Amino acid sequence: MRLRLMGLMAAAAVAALLGGQARADDILLGYLPALAGPFATLSRTDEIAAQIAVDEINAAGGINGKKLRIISFDTAGKPDQAVIGLRKLAEDDKVMAIIGPFSSGECRVVFPAGERLGIVTMSMASSAPKLAAPFTYGLRNTSDEGYMFQKVMKTLQDRKYSVATAAIAYATDDVISKTMGELVLPTIMKKFGTDVKMSVTFQTQAFDLSAQVSQLKAQPTDLVGVGSGPEPAVRLVQEMRRQGLKSRLVAGSTIGDSELARRMGDQGNGTVIPTTFYSGSSAKAKAFEDELIRRAKAAGIERSAASQFEAATYDIVQFYAYAMKLAKVTGDPDKLAAERTAVRDALRAMKDFPALEGPISFGSNGDALKPVYIIEMQNGAWKLIGQHAAGS
């Protein structure tokens with residue numbers, strides 16, 4: 001019995017050694033999810049999307065014969081935590097490149113830190129104007145909110161929706177929400193001839209928005225532009241309808257939760273936002289959405305559709321795989337710095353990559369050039385009402 005036990009222990013030790021060696025030979029990607037904070041509901045399923053891409057890449061032979069593997073560090077949506085995560089992944093785990101972080105507030109500190117470390121970081125959501133522009137290792141698989149909101153206003157005008165007057169409602173305690181409320185929304189609206197009558201502000205966690213809506217109701221407008229994450233937008237529209245205010249909500253991608261239509265219900269009818277992912281654009285996009293819904297359900301998360309952030313995360317992994325193959329990455333620790341830079345150079349030179357969201361290249365400012373779809377909430381569901389080609 002003792003000999004048999006010793007034999008089993010020896011076999012287990014050998015298996016562990018071989019398994020450890022196999023994992024040591026993997027090429028690692030770091031991932032910085034934000035599982036708390038104002039955009040937690042938008043970030044929580046992105047890792048599922050990333051794993052779908054990893055599974056597909058590994059099933060097709062991996063990266064130059066090696067498997068791809070993800071190591072995660074939760075930032076909780078906090079910029080200081082994001083920098084700690086970046087350093088841990090880059091310096092301790094020796095990852096080749098990093099997926100994320102999610103928000104503009106996090107990218108403001110992660111991009112310069114990544115530049116100093118010489119490692120690519122690529123956000124799937126940050127969209128405050130020009131954040132990646134000063135950096136060579138900082139990239140965003142997103143489009144500038146100003147660029148996307150212009151497409152919203154153009155579509156509203158083309159469809160002859162009422163856009164003569166507007167008000168702005170925005171959160172002041174988040175970087176992108178404040179940028180939307182104070183810069184992007186009013187500037188673009190005025191560019192399209194819309195008279196911005198007033199602004200009201202709130203905190204992201206504010207539950208009672210009755211005072212802000214009372215101010216909006218005192219001077220009704222055609223549009224109410226929202227600068228916030230999805231949760232405040234839901235509370236805002238509920239209070240607007242409770243007080244009888246019928247203004248149309250318009251926003252950027254910051255409220256682009258794929259479940260927003262279900263959560264707002266009929267109260268959200270007429271809401272118009274931009275998105276860079278539309279599952280009806282291709283069979284590949286629809287297959288991704290179906291697989292994401294299936295995996296989310298297996299994880300206990302009910303989903304009815306995929307969001308642009310999940311699609312962007314999936315595409316980031318595919319971009320990295322493409323760049324690593326092109327750069328002939330080996331994963332050799334002695335070549336890590338050089339191979340990280342080679343990955344950056346391959347990404348910067350990438351043209352019209354056949355992504356889920358459409359053909360994608362990176363502009364000189366580090367942002368992705370991609371198509372923009374304009375969707376309107378109708379009867380608890382999103383309907384496509386406009387489409388704009390990349391760079392148009």
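Tutor: Ile-374 has Gly-386 in β15 as its bridge partner. Before we build on that, note that the model is predicted, that local features need pLDDT of at least 70 and side-chain atom pairs pLDDT 80 or more, while totals for chains, interfaces and linings use all residues. Residues are numbered from 1 along each chain as its sequence is written, and side-chain values use heavy atoms, with hydrogens and water left out.

Student: What makes β14 and β15 a pair of strands?

Tutor: Strands are DSSP runs of E with at least two residues, helices are runs of H or I with at least four, and both are numbered from the N terminus. Two strands pair if DSSP finds at least two bridges between them; β14 (residues 372–378) and β15 (residues 381–388) have 7 bridges in the antiparallel sense, so they qualify under that definition. Their hairpin has 2 residues between the strands, and Asn-379 takes a positive phi near 55° there.

Student: How do you know that β12 and β13 pair as well?

Tutor: Strand β12 (residues 358–362) and β13 are joined in the antiparallel sense over 2 bridges, and Ser-361 has Leu-369 of β13 as its bridge partner. These strands belong to an open, antiparallel sheet of 3 strands in the order β11-β12-β13.

Student: Which strands are the edges of the parallel sheet, and why?

Tutor: That open sheet has 5 strands in the order β2-β1-β3-β4-β5. The edges are β2 (68–72) and β5, because each has a single partner strand, so that one side of each lacks a neighbour in the sheet. From one strand to the next, the twist averages 30°, where angles run from 0 to 180 degrees between N-to-C directions and axes are lines fitted to C-alpha atoms, for helices over the stretch in contact. Strand β1 (residues 27–31) pairs with β2 in the parallel sense over 5 bridges, and Gly-30 stands opposite Ile-71 in β2. Helix α3 packs on this sheet, touching β1, β2 and β3 (97–99), and its direction makes about 160° with that of β2; contact means heavy atoms within 4.5 Å.

Student: Why is Thr-142 called buried?

Tutor: Buried means under 20% relative accessible area, exposed over 50%, and partly exposed in between, with a 1.4 Å probe and protein chains only. Thr-142 has 3% relative accessibility and therefore counts as buried. Thr-142 lies in the loop between β5 (138–140) and α6 (145–158), and its contacts, leaving aside residues up to four places away in sequence, include Ser-123, Met-124 and Asp-367. Its side chain also reaches the backbone oxygen of Ser-126 at 2.6 Å.

Student: How are α3 and α12 placed relative to each other?

Tutor: The axes of α3 (residues 46–59) and α12 (residues 308–326) come within 8 Å and cross at roughly 35°. Residues making the contact include Ala-49 and Ile-52 of α3, together with Phe-309 and Tyr-314 of α12.

Key: A polar contact is a pair of N or O atoms within 3.5 Å; within protein, one must be able to donate a hydrogen and the other to accept it, and residues adjacent in sequence count only if both atoms are side-chain atoms.
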